[in-house]
Amino acid sequence: MILAIPAVLSPQEVCVFRQDLEGASWRDGRATAGSVAERVKANQQLADDDPVAARLGGLVLERLAHNERFIAGALPLKVLPPRFNRYADGGTYGDHVDAAVFSVPGSPHRLRSDLSATLFLSEPDDYDGGELMIEGEFGVSAIKLPAGHLALYSARTVHRVTPVTRGARLAAFFWIESLVREGERREMLLELDDAIRALRIDTPDHPSVVRLTGLYHNLLRAWAQT
Ligand code: NI
């Protein structure tokens with residue numbers, strides 16, 4: 001399942017992000033790619049210890065911590081501090097699968113990547129190409145979201161970014177270790193959560209609302225690893 005989460009950042013925040021990123025110290029993205037990914041990666045990134053990346057990444061984490069849709073869909077246990085990339089002048093990232101385990105910079109902690117996330121920071125009209133192509137059970141999905149919106153997808157997927165042939169595509173990207181490791185279970189929990197939310201609006205006093213809410217938490221209790 002690919003989940004599009006709207007308005008993680010406001011339009012004003014996106015403007016500030018873009019201004020700050022335009023003047024940042026971009027580096028060749030291949031420096032952080034593994035030996036397989038290195039051959040297909042042609043973009044720019046900010047270093048993990050870049051002060052602009054650290055400040056903006058912190059802001060993204062703050063917004064995510066209060067984003068109900070993100071929490072319901074990802075059931076996050078750990079979120080890697082966001083990194084930032086830039087695709088321009090034909091920049092692209094060919095087919096690859098993301099690494100399974102990441103070190104959290106500046107800490108002894110590690111994180112298993114259950115979910116990959118891309119936060120779009122450029123408006124779709126400002127660049128050509130740059131679609132995030134994700135292979136799934138029913139074919140390939142092309143994802144290109146408005147600035148400030150987040151795409152959340154399984155880290156197990158083969159995916160790529162098509163060449164940017166006009167303008168520049170700025171994005172933040174990061175990985176999430178979920179409380180619930182299995183994607184099918186996360187999807188069922190989200191489905192149940194959505195249904196309960198709808199019932200709470202339509203029939204808030206029906207006793208089944210409490211029972212279904214209990215069922216949600218008991219399933220989460222059974223499946224969550226902390
Ligand atoms: Ni990737």
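Me: In H5, which residues are buried?
Reply: The model is predicted; local features need pLDDT of at least 70 and side-chain atom pairs pLDDT 80 or more, while totals for chains, interfaces and linings use all residues. Residues are numbered from 1 along each chain as its sequence is written, and side-chain values use heavy atoms, without hydrogens and water. Buried means under 20% relative accessible area, exposed over 50%, partly exposed in between (1.4 Å probe, protein chains only). In H5 the buried residues are Arg186, Leu189, Leu190, Leu192, Asp193 and Ile196.

Me: Which exposed residues does the face of H5 turned away from its buried side carry?
Reply: Helix H5 spans residues 183-202; helices (H or I, at least four residues) and strands (E, at least two) are DSSP runs, numbered from the N terminus. The face turned away from the buried side of H5 carries Glu184, Glu191 and Asp202.

Me: Which residues coordinate the nickel ion?
Reply: Donors are N, O and S atoms within 2.8 Å of the metal (3.2 Å for Na, K and Ca); water is not among the atoms, so sites may look incomplete. The donors follow the spacing H-x1-D-x60-H. At 2.1 to 2.2 Å, the nickel ion is coordinated by His96 (NE2), Asp98 (OD) and His159 (NE2).

Me: What is the relative accessible area of His159?
Reply: His159 is in strand E15 (residues 159-161). His159 is buried, its relative accessible area being 3%.

How values were computed. Expected span 1.5 Å × (residues − 1).
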